[in-house]
Amino acid sequence: QVQLVESGGGLVQPGGSLRLSCAVSGSIFAISGMGWYRQAPGKERELVATITRGGGTEYGDSVKGRFTISRNNAKNMVYLQMNSLKPEDTAVYYCNVRRLGTDFWGQGTQVTVSS
């Protein structure tokens, strides 16, 4: 099993920044992809960003140029730096890792962008 704990969410004004962190523990060997997804009320969960063990990244179209994903393999952490936040970025953000073909999810952290 793999356990994921997110932190760093909160309330921020439009144009502001937040940094999300995800601590990964448990059976961490053979973890390949790590990433962030989000789900807004009434909408489906969508990709925000993913990063491979080698550092290759992929971003959802709506966050390209504003968000940056990174990972620290030694500390078993994955991060999401979010800049130039917009009200439409408001959602619950979920950390995800893939291990041997199985997806594991954190409990989610709320990000609210509002003035």
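Ala-91 touches Arg-38, Gln-39, Ala-40, Thr-109, Gln-110 and Val-111 (contact meaning heavy atoms within 4.5 Å), with residues up to four places away in sequence not counted. The model is predicted, and local features need pLDDT of at least 70, side-chain atom pairs count only at pLDDT 80 or more, and totals for chains, interfaces and linings use all residues. Residues are numbered from 1 along each chain as its sequence is written, and side-chain values use heavy atoms, with hydrogens and water left out.

Ala-91 lies in strand S9 (residues 91-99); strands (E, at least two residues) are DSSP runs, numbered from the N terminus. Ala-91 counts as buried because its relative accessibility is 2%, buried meaning under 20% relative accessible area with a 1.4 Å probe and protein chains only. Its C-alpha atom is separated by 5.3 Å from that of Gln-39, 52 residues apart along the chain.

The structure holds 1 disulfide, a disulfide being a pair of cysteine sulfur atoms within 2.5 Å. It is formed by Cys-22 and Cys-95, with the sulfur atoms 2.1 Å apart. The pair links distant parts of the chain, Cys-22 in strand S3 (residues 18-26) and Cys-95 in strand S9, 73 residues apart. The link of Cys-22 and Cys-95 is left-handed, with -90° about the S-S bond. Both Cys-22 and Cys-95 are buried.

An open sheet is formed by 4 strands in the order S1-S3-S8-S7, with antiparallel pairing; two strands pair if DSSP finds at least two bridges between them. Strand S1 (2-7) and strand S7 (67-72) stand at the edges with a single partner strand each, so one side of each is left without a neighbour in the sheet. S1 and S3 pair in the antiparallel sense over 6 bridges. Cys-22 in S3 is the bridge partner of Glu-6.

Notes:
Buried means under 20% relative accessible area, exposed over 50%, partly exposed in between (1.4 Å probe, protein chains only).
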